Amino acid sequence: SIIRLNHDVKSIASGELSRKIEVHGEGEIGELSQALSQLSHHIKDNMDELKIYGERTKDINAKINKQVVALSGVLQIGNLISAKTELKDVFETVVSRLGQVTGSSCSFILLKEDSKFEIAAHFGLKDSFFLAAGSPSGEFIFNSFISSGRAVIIDEKDRMREKENLLKLLEAKVAIVEPIFAHGEPRGLLGIARTEGEHYSQDD
C-alpha cells in the first residue's frame with residue numbers, strides 16, 4: 001500500500017539503508033516500490049564502498065606520515081654527523097627516532113668491543129637488559145643474532161631459545177634486531193621492541 005511504501009521510504013531516508021521495500025501488487029505502485037528498492041540497494045553499496053575507501057585512505061595517510069617522520073629523522077642524523085657531533089649523541093638520536101617512527105616501547109644500540117657488549121644508546125630498556133649486557137649468557141644471545149647477518153623479526157610464537165630469551169630480557173612481545181657492520185665486520189646490534197600492540201611488519 002501507499003502507506004506502507006511511505007513508511008519504508010522514510011525509514012531509508014533516516015539512514016536505515018539495509019531496510020528492504022516490500023514490493024506488492026502491480027501497476028505504478030509496484031513499479032515505484034521496485035525502483036525505490038533498487039535505489040536504496042545502490043545507495044547502500046555506494047556507502048559501503050566509500051567506507052572502505054575511507055579506511056584505505058586513512059592507512060595510506062598513516063604510512064605517508066610515517067615515511068615523512070623517518071625521512072626527517074635521517075636528515076637530522078645526517079646533519080649531526082656533518083656537524084661532527086659526538087657519536088654518543090648521534091646514537092641517542094637514532095634510538096629516539098627509531099622508537100618514534102616504529103611506535104616501539106624501547107630501542108637500543110649495542111656495540112661489541114673485545115667480545116664484550118656495551119649499551120651505546122637506549123630508550124625504554126628494562127634493568128634486566130642492562131644486567132645481561134655484561135654477562136656471558138647475554139653475550140651468547142647477542143652473538144647469535146650478530147652471526148645471522150640479517151634483520152630478524154621475533155614474536156612470542158618463536159620457540160628458538162635465543163629469541164625467547166631476548167624477549168624476556170626486553171620484557172617485550174615482539175622485537176626486531178639487526179646486526180651493525182663497520183668495514184665489513186660485525187660491530188653490534190640495533191634493536192626495537194614492543195611490550196604490546198601489533199606485530200612488526202617488513203615495512204618497519
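Q: Before we go on, where does the model come from, and how are things numbered?
A: This is a predicted model, where local features need pLDDT of at least 70 and side-chain atom pairs count only at pLDDT 80 or more, while totals for chains, interfaces and linings use all residues. Residues are numbered from 1 along each chain as its sequence is written, and side-chain values use heavy atoms, with hydrogens and water left out.

Q: OK, back to that pair. At what angle do helix 5 and helix 6 pack?
A: Helix 5 (residues 136-146) and helix 6 (residues 161-170) pack at about 120 degrees, and their axes are 10 Å apart. Axes are lines fitted to C-alpha atoms, for helices over the stretch in contact, and angles run from 0 to 180 degrees between N-to-C directions.

Q: And what do you call that arrangement of helix 5 and helix 6?
A: The two helices are therefore oblique to each other. Angles under 35 degrees count as roughly parallel, over 145 as roughly antiparallel, 65 to 115 as roughly perpendicular and the rest as oblique.

Q: K163 was in that contact list. Buried or exposed?
A: K163, which lies in helix 6, counts as buried because its relative accessibility is 16%. Buried means under 20% relative accessible area, exposed over 50%, partly exposed in between (1.4 Å probe, protein chains only).

Q: What is K163 in contact with?
A: Setting aside neighbours within four places in sequence, K163 is in contact with F145, V152, I154 and D158.

Q: Let's zoom out. How many helices and strands are there in the protein?
A: Six helices and five strands. Starting at the N terminus, the order is α-α-α-β-β-α-α-β-α-β-β. Of the protein's 204 residues, 31% count as buried.

Q: Now helix 3. What span should it have?
A: Helix 3 (residues 87-102) has 16 residues, so at 1.5 Å a residue it should span 22 Å, and its end C-alpha atoms are 22 Å apart, which agrees. The expected span is 1.5 Å times one less than the number of residues.

Q: Which residues in helix 3 are buried?
A: V90, F91, T93, V94, V95, G99 and T102. Just after helix 3, G103 takes a positive phi of about 65 degrees.

Q: Which residues have a positive phi although they are not glycine?
A: E171 is one of them, at about 50 degrees, and H183 is another, at about 55 degrees. Most residues other than glycine have a negative phi.

Q: Where are E171 and H183?
A: E171 is in the loop between helix 6 and strand 4 (174-182), and it is partly exposed because its relative accessible area is 44%. H183 sits in the loop between strand 4 and strand 5 (185-194), and at 85% relative accessible area H183 is exposed.

Q: What about E156, where does it lie and what does it touch?
A: E156 lies in the loop between strand 3 (152-155) and helix 6. Not counting residues up to four places away in sequence, E156 touches L167 and K173. The C-alpha atoms of E156 and K173 are separated by 5.7 Å, though they are 17 residues apart along the chain.

Q: Last one: R150. Exposed or buried?
A: Exposed, since R150 has a relative accessible area of 52%. R150 is in the loop between helix 5 and strand 3. Leaving out neighbours within four places in sequence, it is in contact with V177, E178 and P179. The C-alpha atoms of R150 and V177, 27 residues apart along the chain, are separated by 8.4 Å.

Note on methods:
Helices (H or I, at least four residues) and strands (E, at least two) are DSSP runs, numbered from the N terminus. Contact means heavy atoms within 4.5 Å.
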